[in-house]
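Subject: Structure handover

Hello,

Here is the structure I promised to pass on. Please open it first, then read the notes below.

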Amino acid sequence: MTRRSPAPSGRRGLHPGAWWLWAACMAGAASRTTNPILLLLIGGVVAFVVAARRTSAPWSRSLVVFLRLGLVVIVLRMALVVLFGNRLPGHVLFTLPHVPLPSWAEGVSIGGPVTAEALLQAFVQGLRLAVVLLCFGAANSLASPYRLLRCLPAVLYEAGVAITVSLAFAPELVISIGDVRDARRLRGRPVRGFAGLRGMAVPVLESAFDRSLQLASSMDARGYGRRVPVSRGARRWATGGTFLGLLLVIGGVYGVLVAGSLPGGGIPFVAVGAVLVGAGLAAGGRRTNRTRYRPDPWGAPEWLVSASGVVAVGALVAAGVLGVAGLQFSVYPLALPTLPWLAAAGILVGLLPARVAPVERRSTSPAADRPRPTDGPGRGSHPAAAPSARPVVAVEPAGADVPVGRTRGRAA
Amino acid sequence: MIRFEQVSFTYDGAARPTLDRVDLAVHEGELCVVVGPTGSGKSTLLRAVNGLVPHFTGGRLTGDVTVDGRSTRDFPPRELADVVGMVGQNPAASFVTDSVEDELAYTMENLGLDPTVMRRRVEDTLDLLGLHELRDRPLDTLSGGQQQRVAIGAVLTASPRVLVLDEPTSALDPAAAEEVLASLTRLVHDLGLTVLLAEHRLERVLPFADAVVLVPGRGAPLVVGPAAEVMAESPVAPPLIELGRLAGWDPLPLSVRDARRLAGGLRLRLDGARPPASAPVTGARLASAASVSVHYGEVTALDRVSLAVGTGEIVAVMGRNGSGKSTLLAQLAGVRAPTSGTVRVDGADPAGLAPRDLVARVGLVPQDAGVLLYGESVGAECSAADRDTGLVPGTTATVLERVLPGMDPERHPRDLSEGQRLALALAVVLAPAPPLLLLDEPTRGLDYPGKARLVALLAELAADGHAVVMATHDVELVARVATRAVVLAEGEVVGDGPARDVVCHSPVFAPQVAKVLSPDPWLTVDEVRAALLGEPVRG
């Protein structure tokens, strides 16, 4: 089922799984430290790799979105500390008026003194979350969500399609809102303010719903969800195995992230769980006979990229086990954090993908593959075009086309 | 290959059946064209072939539909995916993946084909439909014609025995449409594919048709037969057929080439007569674009376009898919502001006007007319339009009755056919009688009577001193109503002049009558008819 197709003419970029593995490792590394220098280093490494290897595809802009989200997280976290206080003693920066709360809300306080220590701790905690978010943003920017979906095991494929379709819902919604705004303007109705908002919600949701129905009917007509009859026992084994395996993996990952909570750092749990999940998925996969077109190969670059991520997270885990100083940042005393060299070196290995990952040859710029004016889009090389050969106006040149349909005019 | 036996279908809640005791047999290797008035049930008929009706739409179907021996009673659409390839009206809405190559492979992946076979078929299809330059392109960067070809390719790779297409050329410029149709004929001839397609622009598809299925609508029985026979009786007929009827040709010619062979007598009868020289319309300037450029990222949609439109003019903006026609209309309508240059409508910048002031000056019917509609019913939509623009209640309903008579005011706009929706949107925009009327592909999904009503309406508006600018691929519409034609290419104006001069001298944009009677510059059947009737007077 996963037989390789004939050697592809050119590489189509790195395997999306490798990007996700690398990004997950970087996120794992970020979750093991609270040292702001290390956190900023991880963020920098991730951003650098994205800048070096991202394509011009629509999803490649998601890093910026996640960066903004991270900033919001930091600001929110600090604002909450200012508002509710966390009673960390230290240097008081300013004092907000204290609002007395009824006795049932004991433990919650509003206002009060705000210390530099409390603010700093909130900042570092926010920063850690922001860097983790940034890592996921990087994975989103570097790997096409559709191509990642194609790598899912057959049994998960259909659930995966549902997820992708729902993920695609957000950009669709944005486009749809633009369309409805234009339409309301053309009908002479208000587009701003509350009246505009109320009038737009229904048509926007309606058109999004319509679009989903159209997509669903198209997928059905094209064979999505065809089944091969499988015995009941096999189905049960597949479901049970996958479920148990996933439980083990989740427990094991907890052990990896929270040092010292499980024997062996949780790694044996992850391993056994992964085997179970694999077996369950393979058994479940027999229900569909889906094949893959040009499966993404897993070669040397994929190994290197994933290994660089594993080294980064490994260095931080090792530093934690060895008890290297400076891995965890403490606000007492208020001082610049020290830099643990082992961890920093490990994180820098995560830069490797910026060199070893192949550049994807996908181009979205119509100007880039504009055909030479003398020979149109394959004109003459394919007989289908011959009957309509018209010398005066070339038929449908591939370049120069403004995107049409739902996305027209929204590129700006 | 496709067999309908006593098939009746009623949508949930509908008063009368959309299909009523339909019997139909389409044989292997036939290219069969489904014709019929707007809203007569063509799309329903097509979607019943692979079971989307009723498996997906709901409703009640009786009788039996079989394709290649498989009944849609027993097989849901997904189990027929290897036999029937279905291409819908809006190809962009049917795309599941994000790039051309993946889209072509999608159906095959679901069918579980061998990777080696998949690879070969994708390469074959890329060549067959001229798509190999686009193989890595994301689907949303393609033009309409390219998207249509990808949608056809995406179902072809599964090598179905039957291909069902709903209006495959309605969104395409004449040249791209011919390319798609040429590909289809090739598939029928070389691969023995059975093709069932519905199309309103019969002038484009009839030359390729083996058989015609006429769906008269309103429960009347289907008429099936060879194209020439069915068209002799059809209420919807392209100009070529009408010319043939006028000249009394038998059998009716289906292609321009056949017609030219028969046209000798007609040319003699027309000898000496000239089409009426239309005086150039020189109204007061109503709208203008001065050196307008629009850029979307790296793409230049309009490049220093200057255009002035006067009252009483009907300007047709033509050009291939993606040449900037819709962008130009969006500028004039104030939906988008230009990157550089100035737009003036009635002395004001439309992009800066409040919605209420805007509709008093400009009305635009966009390509996807449905976006203008969000009422609960046709009637509600009409009264909402009256309220929005401060008209006497009932005005919009009256206009609608003129554009498409007999529409049920209780129906929901989403349940209307593409053509009916367009008619409703037209009525909504036309009702406040804006001085400048902009139409983007106004005949998409409209039948010939609908087009004739539109033409009459536009001519009347122009006579009243309105200006009309329409972006269209429909050369027959341009021939009948436009006073001036502007040709865009790659965002630049490459031709601007009286419609007759522009279309007659272009091999792509020439209407059928002009092709048959060239070098004489006749454009429409009506002109020829008038000249023939006037013959004795002049003789």
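Helices (H or I, at least four residues) and strands (E, at least two) are DSSP runs, numbered from the N terminus. On that basis chain B has 23 helices and 19 strands.

Some ground rules. This is a predicted model: local features need pLDDT of at least 70, side-chain atom pairs count only at pLDDT 80 or more, and totals for chains, interfaces and linings use all residues. Residues are numbered from 1 along each chain as its sequence is written, while chains are lettered from A and ligands numbered from 1 in the order in which they are written.

Chain B overall

The C-alpha trace of chain B spans about 65 × 60 × 50 Å along its principal axes. Its radius of gyration (over C-alpha atoms; the globule rule is 2.2 Å times the number of residues to the power 0.38) is 24 Å, which agrees with the value near 24 Å for a compact globule of 539 residues. Of these 539 residues, 60% are buried (20 or more other C-beta atoms within 10 Å of the residue's own, with C-beta atoms placed from the backbone; exposed means 12 or fewer, partly exposed is in between).

Domains of chain B

Bounds come from an automatic or database domain assignment. Domain 1 is 2–236, domain 2 is 237–271 + 511–539, and domain 3 is 285–508. The centres of domains 2 and 3 of chain B, over C-alpha atoms, are 31 Å apart. Their contact (C-beta atoms, placed from the backbone, within 7 Å) takes seven residues from domain 2 and eight residues from domain 3.

Cores

A nonpolar core is a set of buried Ala, Val, Leu, Ile, Met, Phe, Trp, Tyr and Cys residues joined through C-beta atoms within 7 Å. The largest has 200 residues, and B:Leu196, B:Leu332 and B:Val503 touch the most other members. Helix H17 (residues 418–430) of chain B gives the largest share, nine residues. Another core, of 47 residues, lies apart from it and includes A:Ala30 and A:Leu63.

Two helices of chain A

Expected span is 1.5 Å times one less than the number of residues. Helix H8 (residues 232–257) of chain A has 26 residues and should span 38 Å; its end C-alpha atoms are 38 Å apart, which agrees. Helix H3 (residues 62–84) of chain A, with 23 residues, reaches 32 Å, close to the 33 Å expected. Buried residues of H3(A) include A:Leu63, A:Phe66 and A:Arg77. Among what covers them are helix H2 (36–53) and helix H4 (116–142) of chain A. A:Gly85 follows H3(A), with a positive phi near 70°.

Best wishes

Technical notes: Two residues are in contact if their C-beta atoms, placed from the backbone, lie within 7 Å.
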